[in-house]
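Please examine the sequence and the model shown below.

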Amino acid sequence: MSFRLSYRADPGNPWFSWQYVRDNSDTLLAALREHTWLTARAVLIAALIAVPLAVAAYWFRPLAGPILAITGVFYTIPSLALFAFIAPYLGIGAVTVLSVVVLYALLVIVRNAIAGLTQVPPEVREAAEGMGYGRWARLFRIDLPLALPGILTGLRLATVSTVALVTVGVVIGRGGLGQLIFAGFQNNFYKAQIMTGTLLCVLLALVLDLALAGVGRLLTPWLARRSS
Amino acid sequence: MSVIGQAVVWLNDPLNWTNPGGILDRLGEHLVLSAAAVALGCLVAWPIGLWLGHTGRGGGLVVMVANVTLAVPTLALLTILPLTFLGFGRPSVIVALAVFAVPPLLANAYTGVRQADPEARDAARGMGLSGWQVLRRVELPLAVPYLAAGFRTAAVQVVATAALASFVNGGGLGQIIRAGFGLDIAAGGGQILAGGVLVAGLAVLVEIVLALVERLVTPRPLRAARRGANRRAADAVTGG
């Protein structure tokens with residue numbers, strides 16, 4: 001066995017190496033878990049705030065303008081600046097990263113949820129009213145189900161961009177997979193580590209996106225039936 | 001003293017503005033990086049987007065480019081590109097930023113040409129214009145409002161993303177924030193906040209100026225009709 005080791009060629013600095021993945025599987029998994037956990041919590045919290053906001057904007061039309069305007073302004077603020085605004089108050093921790101990514105995810109979901117709700121056909125709404133649906137019953141049985149495609153689009157966009165955004169958390173040392181990428185860059189430009197971190201990020205985004213798309217198909221069976 | 005007080009004090013110190021590596025230097029770097037990245041993005045995305053729109057093919061490709069770049073962290077490109085043939089320094093930072101400018105530019109150029117009135121297109125064809133002439137004399141002028149909207153979205157995004165260039169010591173206003181975090185929160189809180197105000201202020205300023213430019217280059221009759229579609233095209237591309 002030992003002669004094989006001695007004959008192993010100079011490892012150099014390859015872009016990808018299974019050796020690296022095997023040797024560091026614990027670190028990789030820990031970073032992946034932190035990243036996934038942050039993303040999941042962020043999107044969930046954002047959705048819990050965003051959907052009620054969208055419903056408020058839908059019920060009280062005058063609110064829609066200000067809500068969209070405020071979200072637009074927030075969206076213009078660079079992520080690093082948002083970290084700079086929040087970190088001096090919340091300190092260096094997961095809460096700060098969470099707040100920043102929740103803010104961004106919130107905006108994406110609110111916009112898409114409002115778009116989805118306003119696309120509910122007025123005939124359907126009137127029919128529901130004629131059948132004696134109250135405001136809440138109509139919301140849960142008619143409006144939200146019909147707005148689901150829009151809301152899900154928002155969730156998917158928010159999830160994918162959150163996965164990418166969490167990496168900015170390296171500025172306070174809480175970047176999940178970004179930590180790996182950044183450390184790889186600082187430690188003698190370790191290409192395999194940078195690339196593995198990047199690939200895991202993209203894969204995570206892809207997997208979560210596909211999972212949400214799958215959930216969407218399950219929740220809106222009528223859309224699949226219509227298109228087939 | 002509160003963090004806000006510290007930030008005000010930091011911003012009020014003239015040396016912080018004029019020192020080498022001070023605010024003015026960083027602002028210059030930030031603007032040069034952003035301008036170069038947006039220019040590069042336009043150079044790549046506009047011809048492709050206009051051509052795809054003209055031929056009516058490649059709509060899927062436009063969406064795919066937008067989705068893929070959404071999933072790639074800025075940090076990854078910023079750290080990977082210097083290790084390629086681009087080398088360390090400005091070129092790699094500019095290319096990394098340009099990559100994120102491409103989706104809005106591409107999507108809006110494509111949509112801009114696609115939405116051109118088919119009757120105008122047919123009329124131009126009937127007058128004997130070649131495909132190239134139709135693109136240049138009919139579709140391109142009609143797409144200008146979309147190009148402007150895409151330009152604005154891309155520019156704002158690049159100015160925002162350029163703050164991250166500081167992770168690889170690429171310069172720009174983000175460097176002030178990074179340096180503040182390097183000092184630790186208690187000592188650098190004011191500087192961090194001040195840097196955040198500068199970065200956010202620049203992004204908002206660029207947004208406002210370009211919104212005015214967009215209005216100026218949009219002919220009056222096109223103003224009302226354009227809004228819905230261009231928002232949709234812009235919304236396809238998000239992320240900080």
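In the UniProt record, an unreviewed entry, residues 32-212 of chain A carry the annotation "domain: ABC transmembrane type-1". The model considered here is a predicted one.

The whole of chain A may be considered next. Its secondary structure consists of 11 helices and 0 strands, and the order of elements from the N terminus is accordingly α-α-α-α-α-α-α-α-α-α-α. Along the principal axes, the C-alpha atoms of chain A occupy a box of roughly 85 × 50 × 20 Å. The radius of gyration of chain A is 22 Å, whereas a compact globule of 228 residues would have a value near 17 Å.

Packing within the chain can be described in two ways. Buried residues make up 42% of the 228 residues of chain A. When contacts in chain A between residues at least 6 apart in sequence are considered, 74% of them join residues at least 24 apart.

Finally, there is the contact between the chains. Chain A contributes 38 residues and chain B contributes 35 residues. On the side of chain A that touches chain B, at least two residues each are supplied by α5 (79-90), α6 (94-118), α8 (135-166), α9 (177-186) and α10 (191-219). Classified by type, this side of chain A comprises 29 nonpolar, 7 polar and 2 charged residues.

Definitions and conventions. Residues are numbered from 1 along each chain as its sequence is written. Chains are lettered from A and ligands numbered from 1 in the order in which they are written. This is a predicted model: local features need pLDDT of at least 70, side-chain atom pairs count only at pLDDT 80 or more; totals for chains, interfaces and linings use all residues. UniProt positions are given in the numbering used here, feature names are shortened, and annotations may be inferred rather than shown by experiment. Helices (H or I, at least four residues) and strands (E, at least two) are DSSP runs, numbered from the N terminus. The radius of gyration is taken over C-alpha atoms; the globule rule is 2.2 Å times the number of residues to the power 0.38. A residue is buried if 20 or more other C-beta atoms lie within 10 Å of its own, exposed if 12 or fewer, and partly exposed in between; C-beta atoms are placed from the backbone. Two residues are in contact if their C-beta atoms, placed from the backbone, lie within 7 Å. Ala, Val, Leu, Ile, Met, Phe, Trp, Tyr, Cys and Pro count as nonpolar, Asp, Glu, Lys and Arg as charged, and the others, Gly among them, as polar.
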